[in-house]
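User: Please take a close look at the aromatic rings and the backbone in this structure. A connected account is enough.

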Amino acid sequence: MATTISVCALPLGGIAGSAAIFPDVLQKAAKVLKEAEGSLLTDSLVTHVADWLVLVMVHGQGGASPLITALKDAVVAAARDTADKRRLFCRDIQPVMCGMTFAERESEPFVLFLSSAASPAFWNKTLLSQFANPFGTPSIADGKGFVFCTEEAAMFQTPQDLHRLIAAAKSSAIVGVAANADTPVASAGPGVVMIARAEYPCPTTAELCGVFARPQLLPEGILCPVSLCDGKTVAKGVIPVVALGFSVADGKLSGPMDLFDNPAFNAARDAAGKLSGYL
């Protein structure tokens with residue numbers, strides 16, 4: 001049976017504006033999701049970044065299941081009710097979604113990247129660095145390249161279509177990457193959430209995360225790789241990015257591991273802090 005990982009993010013119940021989510025909102029969402037495990041879901045996780053509630057749902061229903069959509073709506077409604085009772089700050093923003101369906105490998109590691117920014121092409125530079133740059137991620141040079149899909153359903157095969165892909169990425173969001181027609185390896189929402197499978201034929205976990213070890217300035221601001229507990233929006237022009245590592249086996253999650261909770265990313269964090277005063 002194929003495994004589907006569906007991720008939904010929505011800003012619900014911010015403390016001090018949109019700085020961080022309130023714990024009660026997370027607990028309510030987790031309770032409703034947990035009740036669906038063993039029937040609709042094989043596993044689930046509730047996490048967050050800034051004021052965004054993030055739902056990770058593992059199931060065998062496929063990528064466009066109305067049952068999963070109904071469950072997501074029920075979880076969001078329950079969490080919103082908790083936030084409303086506390087009169088927490090809540091922005092009027094549509095949910096951000098991503099996900100993919102795949103046949104599990106013998107070992108199936110993946111990384112969930114979370115950001116506090118929601119914009120259509122936010123993950124473009126990251127995905128290009130991870131899956132199209134053999135200098136940044138040397139392990140991909142041993143493979144046959146990847147197929148990139150944009151929001152207009154345009155397909156680009158790397159390395160032969162690399163220049164066309166870069167040109168298209170200037171005006172269009174990359175929403176998915178695949179090793180071939182049957183093997184998706186990454187899925188991106190319009191900011192906030194992105195999933196990337198790790199290890200052969202994909203980049204290693206270190207390579208996926210390593211692109212954030214160098215300072216990156218985007219139109220939305222400068223990226224700052226932080227641990228989960230530091231994923232708050234409190235500095236102007238600084239976009240916190242979180243990386244959570246998992247393994248999945250028979251639809252069950254192991255993890256998460258807080259991958260940016262590591263001094264290897266101190267230089268990027270320092271650069272973000274120093275540059276924030278100039279943005």
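Analyst: **Ring pairs and backbone**

Phe 113, Phe 212, Phe 260 and Phe 265 are linked into a cluster by ring pairs. Here rings of Phe, Tyr and Trp (for Trp, its six-membered ring) pair if their centres lie within 6.5 Å; planes under 30 degrees apart are stacked, over 60 edge-to-face, and the rest tilted. The model is predicted, so local features need pLDDT of at least 70 and side-chain atom pairs count only at pLDDT 80 or more, while totals for chains, interfaces and linings use all residues. Residues are numbered from 1 along each chain as its sequence is written, and side-chain values use heavy atoms, with hydrogens and water left out.

Searching the whole structure gives seven aromatic pairs. One of them joins Phe 122 and Trp 123, whose ring centres are 4.9 Å apart with planes at 85 degrees, so this pair is edge-to-face. Phe 122 and Trp 123 are both buried (buried is under 20% relative accessible area, exposed is over 50%, partly exposed is in between, with a 1.4 Å probe and protein chains only). A ring also takes part in a charge contact: the charged end of Arg 197 sits over the ring of Phe 102, 4.3 Å from the ring centre. This requires NZ of Lys or CZ of Arg within 6 Å of the ring centre and within 35 degrees of the ring normal.

Turning to the backbone, Thr 158 and Pro 159 are joined by a cis peptide bond with omega of about 5 degrees. Pro 159 is in the loop between strand S9 (155-157) and helix H4 (162-169), and Thr 158 is found in the loop between S9 and H4. Helices (H or I, at least four residues) and strands (E, at least two) are DSSP runs numbered from the N terminus. Thr 158 counts as buried because its relative accessibility is 4%. Leaving out residues up to four places away in sequence, Thr 158 touches Phe 131, Ala 132, Lys 144, Gly 145, Phe 146, Phe 148 and Leu 165, where contact means heavy atoms within 4.5 Å. A cis peptide bond also joins Gly 255 and Pro 256, with omega of about 10 degrees; Pro 256 is in strand S16 (residues 252-258).

Positive phi values complete the account. Ala 16, a residue other than glycine, has phi near 55 degrees and lies in the loop between strand S2 (14-15) and strand S3 (20-21). At 72% relative accessibility, Ala 16 counts as exposed. Arg 87 is not a glycine either, yet has a positive phi of about 55 degrees. Its place is in the loop between helix H2 (66-85) and strand S6 (96-102), and at 78% relative accessibility Arg 87 counts as exposed.
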